[in-house]
Amino acid sequence: MVVNTFRKDATNKENPLLRALAVRTMGCLNVPLINEYLCEPLEKACNDEDSYVRKTAAICIAKLHDSSPELLEKWGFLDKLKDLLKDGNAMVVANAIAAF
């Protein structure tokens, strides 16, 4: 039930901080089953209009690599991380560099 709540919060249209916190929390839970549910919200977070959410997504990609590198390849998150290197926001770029 907790995973469903995080996934719902990750799609909250009104509050970017809530979206970022949901993705970050799911990324911090080092449980392989939860990582499967993280991939879709993480993919959306990489393309979010808010820079804080994209910054959080970059950090979460690095955490996903540590716990489930096969999911990283399956979902193409390395390419998404490369796209974040070209972001217009310096905070996003800095966190994408740190993730690499």
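**Entry 1. Ground rules.** I worked from a predicted model, in which local features need pLDDT of at least 70 and side-chain atom pairs count only at pLDDT 80 or more, while totals for chains, interfaces and linings use all residues. Residues are numbered from 1 along each chain as its sequence is written, and side-chain values use heavy atoms, with hydrogens and water left out.

I took helices as DSSP runs (H or I, at least four residues), numbered from the N terminus. I call a residue buried under 20% relative accessible area, exposed over 50% and partly exposed in between, with a 1.4 Å probe and protein chains only. By contact I mean heavy atoms within 4.5 Å.

**Entry 2. Helix α1.** I looked up which residues of α1 are buried, and found Val3, Phe6 and Asp9. They cover an arc of only 125° around the axis, so they sit on the same side of α1. The arc is that of the directions from the helix axis to the C-beta atoms. Asn4 and Lys8, on the other side of α1, are exposed. I noted that α2 and α3 are what the buried residues of α1 pack against.

**Entry 3. Helix α2.** I checked the span of α2: its 13 residues reach 18 Å from the first C-alpha to the last, close to the 18 Å expected at 1.5 Å a residue. The expected span is 1.5 Å times one less than the number of residues. I then listed the buried residues of α2, which are Arg19, Ala20, Ala22, Val23, Met26 and Gly27. Seen down the axis, these fall within an arc of 160°, so they line one face of the helix. As a reminder to myself, an α-helix has 3.6 residues a turn, so residues three or four places apart point the same way. The buried residues of α2 pack against α1 (2–9), α3 (32–46) and α4.

**Entry 4. α2 against α4.** Two packed helices are described by the angle between their axes and the distance between the axes. Axes are lines fitted to C-alpha atoms, for helices over the stretch in contact, and angles run from 0 to 180 degrees between N-to-C directions. I found that the axes of α2 (residues 16–28) and α4 (residues 51–67) come within 9 Å and cross at roughly 5°. The two helices are therefore roughly parallel to each other, a term for angles under 35 degrees.

I recorded Pro16, Leu17, Arg19, Ala20, Val23, Arg24, Gly27 and Cys28 of α2 as meeting Tyr52, Val53, Thr56, Cys60 and Lys63 of α4. By class, this contact has eight nonpolar, two polar and three charged residues. Here Ala, Val, Leu, Ile, Met, Phe, Trp, Tyr, Cys and Pro count as nonpolar, Asp, Glu, Lys and Arg as charged, and the others, Gly among them, as polar.

**Entry 5. α4 against α7.** I found that the axes of α4 and α7 (residues 90–99) come within 8 Å and cross at roughly 0°. This makes α4 roughly parallel to α7. On the α4 side I listed Ser51, Tyr52, Arg54, Lys55, Ala58, Ile59 and Ala62, which meet Met91, Val92, Asn95, Ala96 and Ala99 in α7. The contact has eight nonpolar, two polar and two charged residues.

**Entry 6. Helix α4 and two of its residues.** I noted that α4 has 17 residues and reaches 25 Å from its first C-alpha to its last, close to the 24 Å expected. Its buried residues include Val53, Ala57, Cys60, Ile61 and Leu64. Among the elements that cover the buried residues of α4 are α3, α5 (69–75) and α6 (77–84).

Leucine 64 of α4 is buried, with a relative accessible area of 1%. Leaving aside neighbours within four places in sequence, I found leucine 64 in contact with Asn35, Leu38, Cys39, Leu42, Pro69, Leu71, Leu72 and Phe77. Alanine 62 also lies in α4, but is partly exposed at 23%. Alanine 62 and alanine 96 are 34 residues apart in sequence and 8.8 Å apart in space, C-alpha to C-alpha.

**Entry 7. Glutamate 49.** I located glutamate 49 in the loop between α3 and α4. Glutamate 49 counts as exposed, at 65% relative accessibility. Apart from neighbours within four places in sequence, glutamate 49 is in contact with Arg19 and Arg54.

Technical notes
Angles under 35 degrees count as roughly parallel, over 145 as roughly antiparallel, 65 to 115 as roughly perpendicular and the rest as oblique.
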